[in-house]
Amino acid sequence: MKRIHLLASEIFSYSYANYDDHLSINDRFDKYMPDDAALLETAIKRKWPLKKVAKKLDVSPDIASQLLTATQQALAIVDAKTPAASFREGVKQSVLYALEQGIHNEKDVDNLVTQICYRAADFGFLLDTENQKLSYYSRYLRDISDMDFDED
């Protein structure tokens with residue numbers, strides 16, 4: 001998958017493998033979602049007003065605001081230096097969202113665990129595309145203090 005497909009899958013809440021399975025068979029995944037993702041990324045980079053984004057996407061300002069927030073979060077995940085950094089950012093966002101919604105019972109915990117499992121699956125997808133093993137990133141996943149994800 002290209003970067004724009006990863007970005008679209010994050011914005012519109014698809015796992016990477018699921019999104020990849022739909023490529024070349026569904027215009028929604030090949031054209032419409034990537035086009036919207038590109039537009040949203042441009043809107044963020046150029047600091048478009050919310051009304052302009054809403055008009056370009058033909059959605060309400062509330063929906064446009066939600067999509068811009070999702071895009072900012074998606075960019076942090078997709079543009080992370082390594083698959084491990086992407087995974088960590090995705091898990092962090094999932095945990096923060098769960099805390100914001102409230103973790104009140106076992107069902108809430110199960111929902112968070114499911115989201116973390118999706119993040120693990122996406123991490124595995126990225127590892128496969130880079131022909132890497134999980135063990136390569138083992139120390140990065142265990143400790144983040146003063147970490148340089150570019151060092152070997």
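# Reading the features of a predicted model

Analyst: The side chains of Lys-31 and Asp-35 meet in a salt bridge, with N and O 2.7 Å apart.

User: Where do Lys-31 and Asp-35 lie?

Analyst: The general idea comes first: side chains of opposite charge can pair when their charged atoms come close. In this structure, Lys-31 and Asp-35 are both in helix H3, four residues apart, which is about one turn of the helix. Lys-31 has a relative accessible area of 44% and is therefore partly exposed, and Asp-35, at 38%, also counts as partly exposed.

User: How many salt bridges does the count come to, and which residue forms a salt bridge with Arg-3?

Analyst: The count comes to five salt bridges. Among them is the one between Arg-3 and Asp-79, whose closest N and O atoms are 2.8 Å apart. This pair links distant parts of the chain, since Arg-3 belongs to helix H1 while Asp-79 sits in the loop between H5 and helix H6 (83-101), 76 residues apart. Arg-3 is partly exposed because its relative accessibility is 34%, and Asp-79 is partly exposed too, with a relative accessible area of 43%.

User: Which residues are linked in a network of salt bridges?

Analyst: The network is made up of Arg-3, Glu-41, Lys-45 and Asp-79. Within it, Glu-41 forms a salt bridge with Lys-45, and the closest N and O atoms of that pair are 3.3 Å apart. Glu-41 and Lys-45 are four residues apart in helix H3, so about one helical turn separates them.

User: Is Glu-41 buried or exposed, and is Lys-45 buried or exposed?

Analyst: To read such labels one needs two cut-offs, because buried means under 20% relative accessible area and exposed means over 50%. Glu-41 has a relative accessible area of 10%, so it is buried, whereas Lys-45, at 62% relative accessibility, counts as exposed.

User: Turning to the surface, which residues form the nonpolar patch?

Analyst: Leu-96, Leu-99, Ile-103, Val-109 and Val-113 form the nonpolar patch, and together they have about 420 Å² of accessible area. H6 and H7 are the elements that give two or more residues to this patch. One of its members, Leu-99, lies in helix H6 and is exposed because its relative accessible area is 54%.

User: And which residues form a positive surface patch, and which helix gives the most to it?

Analyst: Arg-46, Lys-52, Lys-55 and Lys-56 form a positive surface patch. Helix H4 (residues 50-57) gives the most to it, with three residues. Lys-55 is placed in helix H4, and its relative accessibility of 72% is why it counts as exposed.

User: What is the value of phi in Lys-47, and where is Lys-47 found?

Analyst: Phi of Lys-47 is near 55°, a positive value in a residue other than glycine. Lys-47 is found in the loop between H3 and H4, and at 71% relative accessibility it counts as exposed. Asn-131 also has a phi near 55°, again positive in a residue other than glycine. Asn-131 lies in the loop between H7 and helix H8 (138-142), and it is exposed, with a relative accessible area of 73%.

User: How should I read separation, and what separates the C-alpha atoms of Ala-120 and Asp-58?

Analyst: Ala-120 and Asp-58 are 62 residues apart along the chain, and their C-alpha atoms are separated by 34 Å. Glu-100 and Pro-83 are 17 residues apart in sequence and 26 Å apart in space, C-alpha to C-alpha. Of these residues, Ala-120 lies in helix H7 (residues 106-129) and Glu-100 in helix H6.

How values were computed: Residues are numbered from 1 along each chain as its sequence is written. This is a predicted model: local features need pLDDT of at least 70, side-chain atom pairs count only at pLDDT 80 or more; totals for chains, interfaces and linings use all residues. Side-chain values use heavy atoms; hydrogens and water are left out. Patches are made of residues with over 30% relative accessible area and no salt bridge: like charges are joined within 9 Å, nonpolar side chains (Val, Leu, Ile, Met, Phe, Trp, Tyr) within 5 Å. Accessible areas come from the Shrake-Rupley method with a 1.4 Å probe; for residues, only the protein chains shown count as cover. A salt bridge is a side-chain nitrogen of Lys or Arg within 4 Å of a carboxyl oxygen of Asp or Glu. Lys and Arg count as positive and Asp and Glu as negative; His and the chain ends are not counted. The place of a charge is taken as NZ of Lys, CZ of Arg, CG of Asp or CD of Glu. Buried means under 20% relative accessible area, exposed over 50%, partly exposed in between (1.4 Å probe, protein chains only).
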